[in-house]
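The exercises below ask you to work through a structure step by step. Keep the sequence and the 3D view side by side while you read each task and its solution.

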Amino acid sequence: MSALLEVSDLAVAYALPTDGVWRAPRRLQALDGVSFALASGETLGVVGESGCGKSTLARAILGLVPPARGRISWLGRDLATLGSPERRALGRDLQIVFQDPLASLDPRMTAGQIIAEPLVTHAPALGRAAIAERVAHAMARVGLDARQLNRYPHEFSGGQCQRIAIARATVLEPKLVVCDEPVSALDVSIQAQIVNLLVDMQDALGLALLFISHNLAIVRHVSHRIAVLYLGRLVEIGPAAALFEAPRHPYTRALIAALPVADPERAGRAMGRGLDGEPPSPLAPPSGCAFRSRCAQAVARCVSERPTLEPDGAHAVACHRWREIP
Amino acid sequence: MRSTRATAEPAPLLEVADLRVDFATPDGPVAAVRDVAFQVMPGDRLGVLGESGSGKSQLFLALLGLLAPNGRAIGRARFAGQDLLALPAAALRRLCGDRIAMVFQDPMTALNPYLRIATQLTEVLTLHRGLDGVSARRAAAAMLARVGIAEPERRLALYPHELSGGMRQRVLIAMALLCEPELLIADEPTTALDVTVQGQILALLQDLPLTQVVITHDFGVLAGFCNRALVMYAGRVVESGPVRTLLARPRHPYTAGLLRAIPRLDQPARRPLATIPGQPPEPAEAGVGCAFAPRCPIAVARCRVERPAPRTVDGEVTVACHLAAS
């Protein structure tokens, strides 16, 4: 498998309004030194808590925020070097599904118009009949009834809106779909439908997925590999099974331990407390390892020296102490 | 379990029977809750599980007199001998706060953004307990310390936006506990929080020596926190019983379907998840038969014409299904 997308040493910072006229502008380091590669047809799950930079990563890959440092390559070409026509053409291969299914669809467009829009933009040579045929095909593929073509988003349920968003994202048969919390706003009984649909679409079209979610169980279910972000830094990345069976970073361990499990054997018994404290502000990350302020294993070295991602086969971890901790 | 305990213990703390909640709309009344009956025994931790629109939140808002102005609750709801639905508004307001307290889902909107934490906490004490300002402030600081907030004196002077989500939820829990209620109702208390913070808040609630109702859509929270469960679908209770039994042997096809639809860590990844086809009915759509029949994999003709009455199986589980095995 060759790399479809390659992110190396990516940093993204947002400028915030100053506290006062004479103060320096504040910088929020949303991503700091993130590197990974994504192969075609592969699902990379991205997990982390709010504010860890998950959505910023999606935005940077889509070119919605400029990197402050590092590079994002698509099939070996640095995105920053692409001119705007080339950048636009990339839209054919790179699509996104957002969290809020209703808010991400234009309320004044019908389902048919929404799904046709990428075709109209990127394949204007197609005639109306060809577009209509592709739209009908895309709708059937996501399980929407062709009779719903002329309905507006508010006439659909949340799960159906997400199907429309997936049809829109896949109508051009792209190479990569970035899914930013695609099922978080849906009810449990609908989540499973959408998760199955995404996995089926991936198998049918050979899509790569960047699957961003805070729901670890769902990420494990859909992902081949998983990346764990903490405060804008990649702390662990590896094959999904290895990461769940033998997590290395203390943060990954805590995330998995804190996962509530619907297990009757554990009913009513105390849940794992997971972690103390809350993620520090990305405006003032701790020195050294970003996680050390909440880590029970932290030592002096973790304060003074920032751990780098240490590859070990397919599994990499950024922790000074992962080999020593039980 | 229930039958032996019923003889050993005197009376339920909360007993609801024949409860219905209607909302007046221009198109006529819409039923949000129908025929709900359940008991909460002292010391119980009851989990109320349901998807959006199942009526789980409206049920408890109705008990506390907090329905929207077009809402109306009919039925019986006895709390410690008093009928909540028959109490005059002022008496109900006094009772809620003194003896029943509620914690809402979104800790940002449940706190007044214009008032300091101290003002919001001491208000409860001066209104319900008649304390003077100095002792109210002392009691508020002590309660913040009890819910795990460091430097309580300093935090009292802060505004809600200066606290993190987890911290705000602790403040809300502190506020609910100030008058030492006998019953705490928490509506999705951890849904807005990150998974590691969720563990902390559930551990905090778990350590409270009082009767609790947790409204949730998460089987993990139910398994880790509750001893009894009530599953709602389309405004009705479809199944209730001990959590352990419900998870190990769900009797209602809806409960069973939900449990199968959640990705589990002990199952192989990327296999299709079991789904519940379709989506929950609109409240107004409820027909004559079982509301779940259109989505039910085992429904027979009888299910579409006759609504199943709740019945007890094995002495401890109540299920509203014609076909549930006893």
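Two residues are in contact if their C-beta atoms, placed from the backbone, lie within 7 Å. The model is predicted, so local features need pLDDT of at least 70 and side-chain atom pairs count only at pLDDT 80 or more, while totals for chains, interfaces and linings use all residues. Residues are numbered from 1 along each chain as its sequence is written, and chains are lettered from A and ligands numbered from 1 in the order in which they are written.

**Exercise 1. Find the residues with which Leu210(A) is in contact, leaving aside its neighbours within four places in sequence.**

Step one: apply the contact rule to Leu210(A), which gives Leu38(A), Leu44(A), Val46(A), Ala58(A), Ile61(A), Leu176(A), Val178(A) and Cys179(A).

A residue is buried if 20 or more other C-beta atoms lie within 10 Å of its own, exposed if 12 or fewer, and partly exposed in between. The largest such core has 192 residues, and Ile115(A) and Leu210(A) have the most contacts inside it.

**Exercise 2. Describe the sheet of chain A that has eight strands.**

Step one: recall that strands (E, at least two residues) and helices (H or I, at least four) are DSSP runs, numbered from the N terminus, and that two strands pair if DSSP finds at least two bridges between them.

Step two: read the order, which in this open sheet of mixed pairing is β6-β7-β8-β3-β9-β10-β12-β11 (chain A).

Step three: look at the edges, where β6 (94–97) and β11 (310–312) of chain A each have a single partner strand, so one side of each is left without a neighbour in the sheet.

Step four: take one pair, β7 (residues 176–180) and β8 (residues 208–212) of chain A, which run parallel and are joined by five bridges; here Leu176(A) has Ala208(A) as its bridge partner.

**Exercise 3. Is Val47(A) buried or exposed?**

Step one: locate Val47(A) in strand β3 (residues 43–47) of chain A.

Step two: count the other C-beta atoms within 10 Å; there are 27, so Val47(A) is buried.

Step three: compare positions along the chain, where Val47(A) and Ala227(A) are 180 residues apart although their C-alpha atoms are separated by 6.4 Å.

**Exercise 4. How many residues does each chain give to the contact between chains A and B?**

Step one: chain A gives 40 residues and chain B gives 43 residues.

Step two: on the side of chain A that touches chain B, α6(A) gives the most, with eight residues.

Note on methods
Core = buried A, V, L, I, M, F, W, Y, C linked by C-beta atoms within 7 Å.
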